[in-house]
Amino acid sequence: MKSLLMGSAAAVAALLSAPAFADVDASLNKAGCMACHAKDKKVVGPSFKDIAAKYKGQDVTAQLMDKVRKGGAGSFGPIPMSPNGPDKIGDTELKAAVEQILKS
């Protein structure tokens with residue numbers, strides 16, 4: 001019985017988190033992030049998997065949010081990332097996106 005409850009709880013958690021990932025993906029598309037990034041391959045900018053690997057085990061959410069806002073270059077090569085203000089992606093959506101990317 002206990003394992004049935006645990007399995008059911010895990011299934012519900014997975015179903016509830018699926019829309020959250022869909023929302024993050026929609027935010028990344030709407031903000032234009034996917035024009036330069038992909039989940040598992042380098043496009044113009046690094047893949048989300050490469051970003052996650054570089055910062056694995058580090059608490060860098062705030063740092064990466066700041067980098068997205070201000071733009072920059074040098075972390076993954078010479079091509080600069082342009083600044084992305086709150087008019088492109090809100091703070092809540094940006095934080096969720098960075099957290100999801102770091103879990104890639």
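Predicted model: local features only at pLDDT ≥ 70, side-chain atom pairs only at ≥ 80, totals over all residues.
Reader: What does Lys 39 form a salt bridge with?
Author: With Asp 25, and the closest N and O atoms are 3.3 Å apart.

Reader: Where do Lys 39 and Asp 25 sit?
Author: Lys 39 is in the loop between α1 and α2, while Asp 25 is in helix α1. The two are 14 residues apart, and the pair links distant parts of the chain.

Reader: And Asp 25, how accessible?
Author: Asp 25 has 24% relative accessibility, so it counts as partly exposed.

Reader: How many salt bridges in total?
Author: The count comes to four. Another of them joins the side chains of Asp 91 and Arg 69, at 2.7 Å from N to O.

Reader: Which helices does that pair tie together?
Author: Asp 91 lies in helix α4 and Arg 69 in helix α3, so the bridge ties together parts that are 22 residues apart in sequence.

Reader: Is Arg 69 buried or exposed?
Author: Buried. Arg 69 has a relative accessible area of 18%, and the cut-off for buried is under 20%.

Reader: What about Lys 95, which residue does its side chain meet?
Author: Glu 99, in a salt bridge with an N to O distance of 3.9 Å. Both residues are in helix α4, and because they are four residues apart, about one helical turn separates them.

Reader: Switching to the core. Which residues touch the most other members?
Author: The largest nonpolar core has 16 residues, and those touching the most other members are Leu 28, Phe 48, Ile 51, Tyr 55, Leu 64, Leu 94 and Val 98.

Reader: Which elements give two or more residues to it?
Author: Four helices do: α1 (2-31), α2 (48-54), α3 (61-70) and α4 (91-102).

Reader: Which one gives the most?
Author: Helix α4, with four residues.

Reader: Take Leu 28. What is it in contact with, leaving aside neighbours within four places in sequence?
Author: Leu 28 is in contact with Cys 33, Met 34, Phe 48 and Ala 97. Of these, Phe 48 is also among the core residues that touch the most other members.

How values were computed: Residues numbered from 1 in each chain as written. Heavy atoms only, no water. Core = buried A, V, L, I, M, F, W, Y, C linked by side-chain atoms within 4.5 Å. Buried < 20%, exposed > 50% of the residue type's maximum accessible area, 1.4 Å probe, protein only. Contact = heavy atoms within 4.5 Å.
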